[in-house]
Each structure stands twice: as structure tokens, then as C-alpha cells.
Amino acid sequence: MDFDLRSHAILAVLGAQVIWGIGGPLVKIALADIPPFGLMFLRFLFSTIILFVFYEFWLRHHEPPINRSDKKKIFLAGFFGAFLNIALYFLGQKYTTVIDAWIITSLGTPFVLIFSYLFRKERLSKIIYGGVFLAFFGVIIIMGRGLLELGQGGFFGNLAMLGGTLSGVISYLITKDLVTRYHPLLLTYYYFLISLFFAFPLFLWSYFQDPGWLGNVSTLDLGIIIYLTLGSSIAAYTLNNLGLKFLSASLASTIGYTGAIIAISLSIVFLGEQPTPYFLVGTTLIIIGLFLAETRHPSHPIHKLFQKS
């Protein structure tokens, strides 16, 4: 692969992770006034409207029709990667901290390794699987804090984040196959269009539960919704799809740690979140596990350095 093309692909995935990382604390702020399913529906609605303009005036005239065999894959990728991933993410963020949420989200990388083993027939060394186990055990410790501190909702929020991470991994691997045939922006459009239909019933349920929340939407909330629409949805999903077109799923997911670092740093500075002993122990295990898993991966740059030494 051309070096410049690969570099641009890495920058695309990095850009997506930076956008998502900044969005982490913003989602937490918006959820103080807007219920999770209400915020999700507004994000899907505005994103789909804007993407429809691109589709109607550009993509529809330049992109080939979707193969019948790929329609199911696009549906599944959109359902798992946009609807279910964001629904569980917003629900999780409502009941847990940004720190816990993004530490659990970072587990997506070892999950990609596991799914690659099962479905892509990729065989890795024992030390990699040992690292995956350590990282998973670290997440269990972080989630266990909510179980021990009953009544604070941490366990439910962390469990939702874990489910969202798994659904995102499923979509990630499906998308890796789709981007070889379809434009990244076209996939983003279909993902959010599919998600909009699933989000609408949840929006109605949320509205009837508390009709007054629409009156609580502040100017700051509107700004966050705009950011989630233009940044976290349209720009980030398209950039990530573009990067996946030219990078392996493992390498692309490794860059995902950037988003977690940004989200956690911003939550500490602006939201006043403080690490707990459970968090510190769990995070230490995750860092060690991810280091073992990723630096020994054949496609990882550090692994290549080890080979030369």
C-alpha cells in the first residue's frame, strides 16, 4: 500500500477518535437535561436529514447500486454500529462516569482480536490472548465497583457500555468488508437512516414518560446536539469508515485508544470526575493487557521493532 495513502487513513481514524473523545463529556452534560433516547433520536434525525442531501445530489448519481447480498450486511452494520451502539452508549453514560464508560469502550480493541480469531481465522500468539484476558479482567473490576456500591447505578451503566462496545465491534468487522465496495459516506448515510427507524419508538416512549424535557433543552444542549450531528455522527463515522478501507481492523482499533484518553482527560478537568481505587486497579490491568496484546500483534509498529532487535 502507498505510504501516503496509509498515513492519510491513519489520520482519518485518528480524527474520528478525537471527535468522539471530545464528544464524551459533552454527551454527559446533555444527558442532564435530555433523556438518552431523546438525545439519540435528535442525533439520528438531524444526521439523516443532512446525509440525505449528500445522497440525493451526489452519492445516488455516482455510487453503484447496493448488491442484494450486501443489503443484509449494511442493515446489520447500521443496527449494531449506530443504533444499538449509540443507544447503549447514551444509556450507559446516564448511569456511569465518563471515565468508566471510556475505559470499558477501550476494550473494543481486544474484542476485535477475539472476533478476528473466530470469524476472520486470524491466529495470534499466546501472549496476545494473555493480554486480552488481563484487559477483560480489568474491566470486570471497574464494573464491579457498581455492584459493590448498590444504589448508585454504576453497574447498570457499565454493563450498558460493555454491550455497546460489543455491538460496535460487530459493526466494525462488517464495515471492514463493506468499505471495499461502497463509499464511506454512503455507508454512514445508510447506518443512520436504519437507526432512525429503530430510534423513533424509543423516542415516543421517552417523550410520553416525561413530556417536559423538551422545555429543558438549553442553548448549550443545542450546541452539543449540533456537535454530535456534524462531528460525532457525519464526520467521525465517515472518517472511521474511510480509515477502515485502507487499514486492518486491528490497527484501526488500536488508534481508538486516543478517544478514550481525550474523553477521560476532559472529564477529569471539566466535569470534576475523580478516579477511584477500583478504577486505578482496573485501568492498570487494562493498560498492561492492551500493551501485551497490541505490541505483539504482527501488524503493530512496536512489534516490528522487536523483530529487528
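Modeller: In this predicted model, 4 salt bridges are found, a salt bridge being a side-chain nitrogen of Lys or Arg within 4 Å of a carboxyl oxygen of Asp or Glu. Residues are numbered from 1 along each chain as its sequence is written. Because the model is predicted, local features need pLDDT of at least 70 and side-chain atom pairs count only at pLDDT 80 or more, while totals for chains, interfaces and linings use all residues, and side-chain values use heavy atoms, with hydrogens and water left out.

One of the bridges joins Asp-70 to Arg-181, with their closest N and O atoms 2.9 Å apart. Asp-70 belongs to helix α3 and Arg-181 to the loop between α7 (154–178) and α8, so this pair ties together parts that are 111 residues apart in sequence; helices here are DSSP runs (H or I, at least four residues), numbered from the N terminus. Asp-70 is buried at 2% relative accessibility, whereas Arg-181, at 32%, is partly exposed, where buried means under 20% relative accessible area, exposed over 50%, and partly exposed in between (1.4 Å probe, protein chains only).

Asp-177 and Lys-73 also meet through their side chains in a salt bridge of 3.0 Å, N to O. Since Asp-177 lies in helix α7 and Lys-73 in helix α3, this pair ties together parts 104 residues apart in sequence. Both ends are partly exposed, Asp-177 at 28% relative accessibility and Lys-73 with a relative accessible area of 33%. Arg-181 in turn forms a salt bridge with Asp-177, the closest N and O atoms being 2.9 Å apart, and through shared partners Asp-70, Lys-73, Asp-177 and Arg-181 are joined into one network.

The structure holds 20 aromatic pairs, counted when rings of Phe, Tyr and Trp (its six-membered ring) have centres within 6.5 Å, with planes under 30 degrees apart taken as stacked, over 60 as edge-to-face and the rest as tilted. Among them is the edge-to-face pair of Phe-79 and Phe-198, at 5.0 Å centre to centre and 70° between the planes. This pair links distant parts of the chain, with Phe-79 in helix α3 (residues 68–95) and Phe-198 in helix α8 (residues 184–209), 119 residues apart. Phe-198 is partly exposed, with a relative accessible area of 32%, and Phe-75, Phe-79, Phe-80, Phe-83 and Phe-198 form one aromatic cluster.

How values were computed. Helices (H or I, at least four residues) and strands (E, at least two) are DSSP runs, numbered from the N terminus.
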